[in-house]
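Thanks for coming, everyone. I'll keep this short. Please bring the structure up on your screens.

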There are 2 protein chains.
Amino acid sequence: MALYFITGNQNKLAEVRSVVSEIEQLDIDLPEVQEIDPHFIVKAKLEAAKAHHQGEFIVEDTSLYLQCLNGLPGPLIKWFLIAIQNQGLYNIAKAYNNFNAEVRTIIGHAGADGAIEFFEGSLAGTIVEPRETGFGWDPVFLPEGHDQTFAEMSKDEKNKISMRSIAARKLKQHLDDQRNTAR
Amino acid sequence: MALYFITGNQNKLAEVRSVVSEIEQLDIDLPEVQEIDPHFIVKAKLEAAKAHHQGEFIVEDTSLYLQCLNGLPGPLIKWFLIAIQNQGLYNIAKAYNNFNAEVRTIIGHAGADGAIEFFEGSLAGTIVEPRETGFGWDPVFLPEGHDQTFAEMSKDEKNKISMRSIAARKLKQHLDDQRNTAR
């Protein structure tokens, strides 16, 4: 049975596919529920996908948490970027003189039996003035222990350390275990 | 045919009912889509309601727009209040030294024929340090031309001027017009 990654985002597709090579893209537009816990967002999409199509599915949500805003925007980061862009994220951190941030990917997997499991990856870091252009908030996120923002790294370097690849490797382990059990 | 206001919020129910006395509360839990344009949020809820129940429906969404954040949080205000409370809203405005805000209610009405119409009310104002306790962001919103926050006003005073009552009066006019045409 095919394993579909429900996303319209080519960057996310490439990043997850670099770990889980067998995924196929399914670009269907599912409503994103307004919730602050990304598990709810991912679960709602997986359930909508199961009603819509046959197969196994994965859905991901990536959140950015600013310590100065007590965790906002979290999964609402998309709207922050639309409204205030990366410069605005930096301006908020600067206004509070608190640049600490965490980024987190949740991948939800709906298996052939319908069971949903979650795989997480997170990274601590700081918000810096935008450096280079890049996908989403990559220009302003400097992961702890590195001196380049995600936007400054090569795709390979980023994929090696990113919160999304951490979650994807946990998913891959799960898929491998399932296959080995099924044998 | 009954006119249902879909809300679990007694404050909103009382405020709209003070203008449109015949509404009945329907407290069903409908998913809130993650959108920055409240029209989409209201429309999605009305469509879910129609699939769920018979009748005419109204749904409201009230947004708070901070000028310093280029319109954020808008309809995402709920999550800002959960994460940073009213004091946090004030702290953001203070960090930017820009206290300008706008509050806006959109009421969507799905008539017996299924047509959806929107009614809006908005007010300009400023964000102040929290004064008194009250519903939502009432303690920090000082409407232009007034010297009391919504939380400091009596319910009657607030209902007379609020963005929600402006929208509700437009809805009432629409309902009255429909009835007169039907006669």
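Let's begin with helix packing inside chain A. What we have here is a predicted model. Helix α1 of chain A covers residues 10-17, and helix α5 covers residues 163-182. The two pack at an angle of about 50 degrees. Their axes lie 9 Å apart. Angles from 65 to 115 degrees would count as roughly perpendicular, and those under 35 as roughly parallel. So α1(A) and α5(A) are oblique to each other. Their crossing is right-handed.

Which residues make that contact? From α1(A), look for A:K12, A:E15 and A:V16. From α5(A), look for A:R164, A:S165 and A:A168. Sorted by class, that gives two nonpolar residues, one polar and three charged.

Now chain B. Helix α1 of chain B, residues 10-17, packs on helix α5 of chain B, residues 163-182. The angle is about 50 degrees, and the axes are 9 Å apart. So this pair, α1(B) and α5(B), is oblique too. The crossing of α1(B) and α5(B) is right-handed. B:K12, B:E15 and B:V16 come from α1(B). B:R164, B:S165 and B:A168 come from α5(B). The classes here are two nonpolar, one polar and three charged.

Next, how do the two chains relate? Chain B can be laid on chain A with an RMSD of 0.0 Å. That takes a turn of 180 degrees and a shift of 0.0 Å along the axis. The copies are therefore related as by a two-fold rotation axis.

On to the interface. How many residues does each chain give to the contact? Chain B gives 21 residues, and chain A gives 21 residues. Of the interface residues of chain B, 100% are also interface residues in chain A, so the copies meet through the same surface. The area buried between the chains is about 2000 Å². Carbon and sulfur atoms give 67% of that area. Three residues stand out on the chain B side: B:Q34, B:L72 and B:W79. They supply 38% of the area that chain B buries against chain A, more than any other three residues.

Helix α3 of chain B, residues 77-96, packs against α3(A). Their angle is about 75 degrees, and the axes are 12 Å apart. That makes α3(A) and α3(B) roughly perpendicular, because angles from 65 to 115 degrees count that way. Who meets whom? A:F80, A:G88, A:N91, A:I92, A:A95 and A:Y96 sit on the α3(A) side of the contact. They meet B:F80, B:G88, B:N91, B:I92, B:A95 and B:Y96 in α3(B). By class, this contact has eight nonpolar residues, four polar and no charged ones.

Last topic: the backbone. Most residues other than glycine have a negative phi, and most peptide bonds are trans. With that in mind, go to A:L72 and A:P73. A cis peptide bond joins them, with omega about -5 degrees. A:P73 belongs to strand β4 of chain A, residues 73-74. In chain B, the bond from B:L72 to B:P73 is cis, with omega near -5 degrees. B:P73 lies in strand β4 of chain B, residues 73-74.

Finally, A:N97. This residue is not a glycine, yet its phi is positive, about 50 degrees. Where does A:N97 sit? Look in the loop between α3 (77-96) and β5 (100-110) of chain A.

Terms used: Residues numbered from 1 in each chain as written. Chains lettered and ligands numbered in written order. Predicted model: local features only at pLDDT ≥ 70, side-chain atom pairs only at ≥ 80, totals over all residues. Heavy atoms only, no water. Axes fitted to C-alpha atoms, helices over the stretch in contact; angles between N-to-C directions. Helix = DSSP H or I, 4+ residues; strand = E, 2+ residues; numbered from the N terminus. Parallel < 35°, antiparallel > 145°, perpendicular 65-115°, else oblique. Left-handed = near helix turned anticlockwise from the far one by under 90°. Contact = heavy atoms within 4.5 Å. Nonpolar A, V, L, I, M, F, W, Y, C, P; charged D, E, K, R; others polar. Least-squares fit on C-alpha atoms with pLDDT ≥ 70 in both. Buried area = accessible area lost by both parts, 1.4 Å probe.
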